[in-house]
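Visitor: Could you walk me through this one? I am new to it.
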2 protein chains.
Amino acid sequence: MSGIEKWGIFEVALNGPSDGNPFLDVTLDATFSKANRHVTVPGFYDGDGVYRVRFMPDDEGLWSYRTLSSAGALDGRAGDFEVIAPRDGNHGPVRVSHQFHFAHADGTPYFPFGTTCYAWTHQPLEMQAETLETLKGAKFNKLRMGVFPKHYIFNQNEPLYDVYERGPDGKLDFDRPSVVAFRQFETQVGALRDLGIEADIIVFHPYDRWGYCDMPAAQDFAYVRYLTARLAAYRNVWWSLANEYDFLLDVKPIEQWDQYFHIIEENDPYRHPKSIHNGEEHMNFNHRKPWIDHVCIQNWNVKLTNQWRQEWGKPIVNDELEYEGNIVAAWGNLSAQELVHRFWITVTRGGYAGHGETYEHEADLLWWAKGGKLRGESWQRIGFLRDIIEKDVKVGLEPATPIGGWPWTRVSAGYEGEYRLIYLGEHQPATWVDGLPKDDGDYDVDVIDTWNMTISPAKRIASPSMPRLRQRGGALTDGKPRSAFALELPGKPYLAIRVKPKR
Amino acid sequence: MSGIEKWGIFEVALNGPSDGNPFLDVTLDATFSKANRHVTVPGFYDGDGVYRVRFMPDDEGLWSYRTLSSAGALDGRAGDFEVIAPRDGNHGPVRVSHQFHFAHADGTPYFPFGTTCYAWTHQPLEMQAETLETLKGAKFNKLRMGVFPKHYIFNQNEPLYDVYERGPDGKLDFDRPSVVAFRQFETQVGALRDLGIEADIIVFHPYDRWGYCDMPAAQDFAYVRYLTARLAAYRNVWWSLANEYDFLLDVKPIEQWDQYFHIIEENDPYRHPKSIHNGEEHMNFNHRKPWIDHVCIQNWNVKLTNQWRQEWGKPIVNDELEYEGNIVAAWGNLSAQELVHRFWITVTRGGYAGHGETYEHEADLLWWAKGGKLRGESWQRIGFLRDIIEKDVKVGLEPATPIGGWPWTRVSAGYEGEYRLIYLGEHQPATWVDGLPKDDGDYDVDVIDTWNMTISPAKRIASPSMPRLRQRGGALTDGKPRSAFALELPGKPYLAIRVKPKR
């Protein structure tokens, strides 16, 4: 049956004026209706006299639309279209679910296991293809990527396309977006969607030698509107307002950042996840503001994940808990084992983490910026963790306690009902009891080697009796065992324990 | 030449009444004088009609004394004695130096590298001898040890001696200290002194089945006075008011803890270091109080060491950053590598750390409680670190920044003048520049493998140019190199870099 799949993109293309500056001079939007429901979305100019309005329908059946424009040729245009069931693998956009987690619109849980290729869409086309090929073989389901090209250590090549057109003087004209650049960008957002990967779009960043981050507020606002008009209909879009917004505060004050959020809210009726990423540790944006959906954070101190949850009351996505690699910068030379370790700590404390890879390369081809090939050893282990979570977790893990309590300030444990994932990390007990069931129910209990990626049944032993402190009267009465059984473990670090009710 | 060495113990022994309860009924102190200087110290009853007053002179030459007592036989007794130069290895008591560090009274710096054997003086005598033998072969220079025996997991044997006498009913009489127990305790404090080890005496702790921690306040106060009278003259004494005082708050409120401190201040004219150790992470005592000399802390989050320094403004001794071992409790099953790692982080952030070892043992002989043998792999590496510090550091390392700043929230660096110790830990750069000299001076630069205990010259390479962020005008002008040279490193974790000016 023909038609637009639910959470697909319906696009209206119209011919209109191309004189003057259509990006500035012409207003266009369209209202999409189904029965008594009306959703208005902005259109955008796509060059050569062509205007487009994109819409992501979220309900099956017959929809109609009608345009409104300052240009006669674009105004009052109407039509209708059929929305059909989503195809396999299309679960709709991701939104916050159960306060600290995410789910697709169809209810499928979404557990972010992201990676980072800031400027991959600005590399040569062959390298972009290589990046997609690599992603196909990995298990990442979110990608942080910037709209603008990047000027930074290891990032000194010119972008494939300028993001704005150049005037006759050769200078970028920040009133004229390059439709070639934006088409390439959205093509790749679509390619990610087809791989089941969310595109975590970084709207601003400070790594710039072209002038993109020095545009005045009015041009910034127009840019955010344009970006939203073009991309909001892609179901896999997330809005990351900035990478390291605090390094831009001299040119973009806090109120301006709020205004970007408002522009997106006004133009994205689908409510894609929105957040903003700090640079300095102590410079978290005020994530309590209602237009921020989840906490995007950069912080190495991952045992605080459950505290951050409590502090902000929103999902925690720690997208930069430092990267695996060996470069000169401290944020980019973590051992693979340490990054895997931090992923496990974050996830078992009820948060989500992001991967990045920064190994020195003779041609400066670092995954974290340019994509291409993965060279490290953490990505496979992160995929292993994702498989474990997706196999059994329905909504998301809750930390054993929000802010601590014995022994969960030291080791990490995530619970969902009777399902428990206890991550021992740098601890190497030969015997373990904490977090094990108190009843003698029917549980599968496994030991997971997080580095060697093995899962094997745990050996149960009698739970040791724990003497209570300060027993009066001199009697050596043991306290009650803390669990129905204990486990005998191999006494080496980087193990986890999984407890699952048998049915 | 005969006489008492400076910082040795001069003891006055007197015969007096033994009827009634001499511990309660008789007051005794003595004033020691040299010219116009007068120091009054308390005496104590040592059983069998014998009373003693101990004094640690801190100045060479002729001293005199005169007693004051409620008992005629003990009152107005006087004498004099000659104080001679200290023997080799006697540097006098340790006190806080330069705000965040320690030094002996003769100016020799003291860098605490302690360990923990809570109840070693309550074990059989052969085992106590074994503990001393082990300490002789290790490089620890401080030992945490409790006056009272310990009731806890793995600690269920009866103590060698009761700390109080038992009455005819077999019950402990908390008005009559056991002089046998106290003599044994001070003998071992003296044995530690002779090994160059400070005795970090834990005055109260909650691990009890005999009733020691439930004494009423008046008996507690008498106990603290008695302990101080017996032990303050030992130059290697430190007063640790409690282990995990917060687990005793139901029976000993905060004001009572302050009172213990005051009693020690009133009776210890030598001002031995005083502190108090928390249980729960968030339950640090208010270390700002003037009677607390240094911060004794229990916290795994060792990258915060420089923040704690700033918060309290006193030396940080993290005596429980968890222990090497494999027992069932999370605080006691750290891998050896992790404990060494935490030591390096703590020390290069300007703090001091304490060791403990808790490996399961078929006869419950765990070093952390009973002493005996060391079985782990961290103690040698901690000794290696102590050697490195003592070789070159004069006062103590200062963290690269008090609360962070690039990149020292992530990696750790301690400076003393131009001497620098940079600990990379879980980071594995192939190239490194941060913290290296900015001038081209004459430095020895070494790479230290903290686990394999090797020190080898570092390979210098040209410092990479760092592009600045947000360069206007499109010109790719590199920023200045951040150091005079960079280092090529093996790209593996747990390395440190040492920079030393050549002369």
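Guide: F154(B) counts as buried, with 22 C-beta neighbours inside 10 Å. Buried means 20 or more other C-beta atoms within 10 Å of a residue's own, exposed means 12 or fewer, and partly exposed is in between, with C-beta atoms placed from the backbone. This is a predicted model, where local features need pLDDT of at least 70, side-chain atom pairs count only at pLDDT 80 or more, and totals for chains, interfaces and linings use all residues. Residues are numbered from 1 along each chain as its sequence is written, while chains are lettered from A and ligands numbered from 1 in the order in which they are written.

Visitor: Where is F154(B) placed?

Guide: F154(B) is in the loop between β12 (142-146) and β13 (164-166) of chain B. Strands are DSSP runs (E, at least two residues), numbered from the N terminus.

Visitor: And what phi does F154(B) have?

Guide: A positive one, about 70°, although F154(B) is not a glycine.

Visitor: What about D48(B), buried or exposed?

Guide: D48(B) is exposed, because 9 other C-beta atoms lie within 10 Å. D48(B) also has a positive phi, about 55°, and is not a glycine. The loop that holds D48(B) runs between β4 (37-45) and β5 (50-55) of chain B.

Visitor: New topic. Is the peptide bond from W406(A) to P407(A) cis or trans?

Guide: That bond is cis, with omega near -20°. P407(A) lies in the loop between β23 (398-399) and β24 (412-416) of chain A.

Visitor: And what is omega for W406(B) to P407(B)?

Guide: Near -20°, and the bond is cis. P407(B) sits in the loop between β23 (398-399) and β24 (412-416) of chain B.

Methods: Helix = DSSP H or I, 4+ residues; strand = E, 2+ residues; numbered from the N terminus.
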